[in-house]
Amino acid sequence: MASPEIREWTVASGLIERDGLVLLVRNVRRNGVEDWSTPGGVVDPEDTSLLAGLTREVAEETGIHVSEWVGPVYEVVAEAPDLGWRLRCEVHLAVAYDGDITVDDPDGIVVEASYYPASDASELLATCPQWVREPLGEWLAERWELDAAMPHRRFEYDVFGATRRDMRVQRR
């Protein structure tokens with residue numbers, strides 16, 4: 001019997017900070033589930049690069065126009081064989097940007113965006129998948145330096161279960 005095909009996604013996410021606050025977006029997923037995350041999304045095949053896709057997603061979701069990124073700050077890999085998917089996400093830090101928050105997500109998923117202190121972010125992120133919540137929480141707590149010796153951190157997760165209700169996530 002042939003194994004089921006695994007769908008693979010490349011996602012990019014942006015850390016945008018202002019005056020000690022981090023920009024978070026509230027997502028209402030197609031299945032009605034709500035969660036918070038940093039802005040970003042799936043890198044489309046027509047995007048010329050991962051950073052071009054990230055810049056496009058951030059502008060669409062928040063109205064913020066980023067002209068310079070550093071990173072990746074961290075990378076996340078989550079594999080869910082029971083659900084038939086594998087996700088790889090690079091998270092970059094915006095170092096030059098402008099614009100005011102305006103939510104106009106063409107996908108209709110992002111419904112709110114605002115800057116929050118890190119202490120509030122942990123409460124908002126409580127409903128996020130573990131592979132979103134833990135790496136972002138560690139970044140907000142530690143703010144590690146990026147250098148040539150260790151350019152970014154990598155977080156890996158195995159996701160078990162065929163439904164959200166019976167899902168179990170294990171960090172490698």
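The sulfur of cysteine 128 lies 12 Å from the closest cysteine sulfur, that of cysteine 89, which is too far for a bond. A disulfide is a covalent bond between the sulfur atoms of two cysteines. Under the criterion applied here, a pair of cysteine sulfur atoms within 2.5 Å, the count comes to 0 disulfides. Cysteine 128 is buried, at 4% relative accessibility, and cysteine 89 is likewise buried, with a relative accessible area of 11%; buried means under 20% relative accessible area, exposed over 50%, and partly exposed in between (1.4 Å probe, protein chains only).

The structure is a predicted model, in which local features need pLDDT of at least 70 and side-chain atom pairs count only at pLDDT 80 or more, while totals for chains, interfaces and linings use all residues. Residues are numbered from 1 along each chain as its sequence is written, and side-chain values use heavy atoms, with hydrogens and water left out.

Strands are DSSP runs (E, at least two residues), numbered from the N terminus, and two strands pair if DSSP finds at least two bridges between them. Strand β6 (residues 65–80) runs antiparallel to strand β7 (residues 85–98), and 12 bridges join the two. Within this pairing, alanine 78 has leucine 87 of β7 as its bridge partner. The hairpin of β6 and β7 has 4 residues between the strands, and glycine 84 takes a positive phi near 80° there. Strand β6 also pairs with strand β9 (residues 153–160), in the parallel sense and over 6 bridges.

Side chains of opposite charge can pair when their charged atoms come close. A salt bridge was defined as a side-chain nitrogen of Lys or Arg within 4 Å of a carboxyl oxygen of Asp or Glu, and a search of the whole structure finds 21 salt bridges. One of them links arginine 26 to glutamate 34 at 2.9 Å, N to O; glutamate 34 is partly exposed, at 41% relative accessibility.

Another salt bridge joins arginine 154 and glutamate 156 at 2.5 Å, N to O. Both residues are partly exposed, arginine 154 at 42% relative accessibility and glutamate 156 at 23%. Aspartate 158 forms a salt bridge with arginine 172, with the closest N and O atoms 2.9 Å apart. Aspartate 158 lies in strand β9 and arginine 172 in the segment after β10 (168–171), so this pair ties together parts that are 14 residues apart in sequence. Salt bridges that share partners join Glu8, Glu75, Glu79, Arg86, Arg88, Glu90, Arg154, Glu156, Asp158 and Arg172 into one network.
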